[in-house]
Amino acid sequence: MGRGKFKGKPTGRRNFSTPEEIAAGTSGRPRTFKKNLAEEEKEEEEEEIEESEEEESEDESEGKAKHKGTEGLIQIENPNLVKAKNIKAKEVDLGKTTELSRREREEIEKQKAHERYMKLQEQGKTEQAKKDLERLALIRQQRADAAKKREEEKAGTFPLLFVYCLCQIQDWLQKYHI
């Protein structure tokens, strides 16, 4: 059967049922349509039953937890399943210590090691601190030597300058015969 010039989309073309097909029950609806309707009706009935049971169970016992999915229908023993524990404030054990994860323990150890190193650094007991102190002492010595040298030059240049000026004055006097 020709469809014309253009090819149909990969999702298929639309099929419309005629009133005769609908009456006969052979319409072009998907085969799962009736199943979906039946499932929806069952779900609605189950929800109504659950609502009525919940109202009754809320009155009788508030301690029971709601089940998720098929959990209420199937008894499972999952060793990995962690059940929430509600602990009252009166029952809390303050002396109990929680175990830290490996990463948390390593982070705490790293911080403590850094603090110990910095304390030793301040006291000058680490190799780096010793090297720094040696360099500092050397620099101080060089600065002290340079300051002493400058003082000697200042003290030594004054008499030389004075003698130079006197020589200049004598030359001037001789030049002009005064």
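A negative surface patch is built from Glu-39, Glu-40, Glu-41, Glu-43, Glu-44, Glu-45, Glu-46, Glu-47, Glu-48, Glu-50 and Glu-51. Keep in mind that this is a predicted model, where local features need pLDDT of at least 70, side-chain atom pairs count only at pLDDT 80 or more, and totals for chains, interfaces and linings use all residues. Numbering runs from 1 along each chain as its sequence is written, and side-chain values use heavy atoms, with hydrogens and water left out.

**The negative patch**
- Patch residues have over 30% relative accessible area and no salt bridge, with like charges joined within 9 Å.
- Asp and Glu count as negative here, and the charge of a Glu is placed at CD.
- Glu-50, one of the patch members, sits in helix H2 (residues 33–60); helices are DSSP runs of H or I, at least four residues, numbered from the N terminus.
- Glu-50 has 43% relative accessibility, so it counts as partly exposed (buried is under 20%, exposed over 50%, partly exposed in between, with a 1.4 Å probe and protein chains only).

**Salt bridges**
- The count comes to two salt bridges, each needing a side-chain nitrogen of Lys or Arg within 4 Å of a carboxyl oxygen of Asp or Glu.
- Glu-106 pairs with Arg-102, with the closest N and O atoms 3.2 Å apart.
- Both Glu-106 and Arg-102 belong to helix H3 (residues 102–123), four residues apart, or about one turn of the helix.
- Glu-106 is partly exposed at 42% relative accessible area.
- Asp-132 and Arg-135 form a salt bridge at 3.2 Å, N to O.
- Asp-132 and Arg-135 are about one helical turn apart because they are three residues apart in helix H4 (residues 127–176).
- Asp-132 is partly exposed, at 30% relative accessible area.

Conventions
Patches are made of residues with over 30% relative accessible area and no salt bridge: like charges are joined within 9 Å, nonpolar side chains (Val, Leu, Ile, Met, Phe, Trp, Tyr) within 5 Å. Accessible areas come from the Shrake-Rupley method with a 1.4 Å probe; for residues, only the protein chains shown count as cover. Helices (H or I, at least four residues) and strands (E, at least two) are DSSP runs, numbered from the N terminus.
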